[in-house]
Amino acid sequence: HGSFDVRSKTHNGGGKTPQWSNEKLTVSVADHEDLEITCWDEDMGSDDFIGSAKISLYDVYKAGFVSRWISLVDKKKKPAGEVNVAFVARNPVGIADEVKEKYPL
């Protein structure tokens, strides 16, 4: 296990409803139970936290593919928008034995 950051391109001029036109971020993980997505408003000086969500990866390990809308919440746990995500499990042999037992492919 471990943590890492992957960042999308900054959307300039997106306003309240930015869209990234199917931008793909590739991340290789093995033995991770979940993934946290955090969205920020990039400003000159300091960036503002918009919202975050934690996503269980067990469904990805079990089904091999998951695509869904994920609801973001702000620091006060209020709705802060949605992010559409898709995950593909490309190498199930990298999954820990306890995950394979819980969610056989």
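**A surface valine and what lies beyond**

Tutor: V29 is partly exposed, with a relative accessibility of 32%; this class lies between buried (under 20% relative accessible area) and exposed (over 50%), with a 1.4 Å probe and protein chains only. The model is predicted, and local features need pLDDT of at least 70, side-chain atom pairs count only at pLDDT 80 or more, while totals for chains, interfaces and linings use all residues. Residues are numbered from 1 along each chain as its sequence is written, and side-chain values use heavy atoms, with hydrogens and water left out.

V29 sits in the segment before β1 (34-41); strands are DSSP runs of E with at least two residues, helices are runs of H or I with at least four, and both are numbered from the N terminus. Together with V6, L25 and V27, V29 makes a nonpolar surface patch of about 270 Å². Such patches take residues with over 30% relative accessible area and no salt bridge, joining nonpolar side chains (Val, Leu, Ile, Met, Phe, Trp, Tyr) within 5 Å and like charges within 9 Å. Areas come from the Shrake-Rupley method with a 1.4 Å probe, and for residues only the protein chains shown count as cover.

D41, D43, D47 and D48 gather as a negative patch on the surface. Asp and Glu count as negative, Lys and Arg as positive, and His and the chain ends are not counted; each charge is placed at CG of Asp, CD of Glu, NZ of Lys or CZ of Arg. D43 belongs to the loop between β1 and β2 and is partly exposed, at 31% relative accessible area.

W40 is in strand β1 and is partly exposed, with a relative accessible area of 49%. Leaving out residues up to four places away in sequence, W40 touches D47, D48, F49 and I50, where contact means heavy atoms within 4.5 Å. D47 and D48 also belong to the negative patch.

From W40 the view moves to S52, twelve residues along the sequence and 9.0 Å away, C-alpha to C-alpha. S52 is in strand β2 (residues 48-56), and S52 counts as buried because its relative accessible area is 15%. Apart from residues up to four places away in sequence, S52 touches E36, I37 and T38, and also S71, L72 and V73.

Strand β4 (residues 79-88) holds V83. V83 and S52 are 31 residues apart in sequence, with C-alpha atoms 9.6 Å apart. Beyond its neighbours within four places, V83 is in contact with C39, R68, W69, I70 and L72. A80 is also in strand β4; A80 is partly exposed, at 23% relative accessible area.

The loop between β3 (65-73) and β4 contains K77. K77 is not a glycine, yet its phi is positive, at about 70 degrees. Most residues other than glycine have a negative phi, and most peptide bonds are trans. K77 is exposed, with a relative accessible area of 65%.

R68, a contact of V83, also takes part in a salt bridge with D59, at 3.3 Å from N to O. The rule asks for a side-chain nitrogen of Lys or Arg within 4 Å of a carboxyl oxygen of Asp or Glu, and the count comes to one. R68 is partly exposed at 33%, and D59 is partly exposed at 35%.

For the whole chain, the pattern along the sequence is β-β-α-β-β-α, with two helices and four strands. Of the 105 residues, 19% are buried. The chain exposes about 8,400 Å², of which carbon and sulfur atoms supply 48%. Among contacts between residues at least 6 apart in sequence, 35% join residues at least 24 apart.
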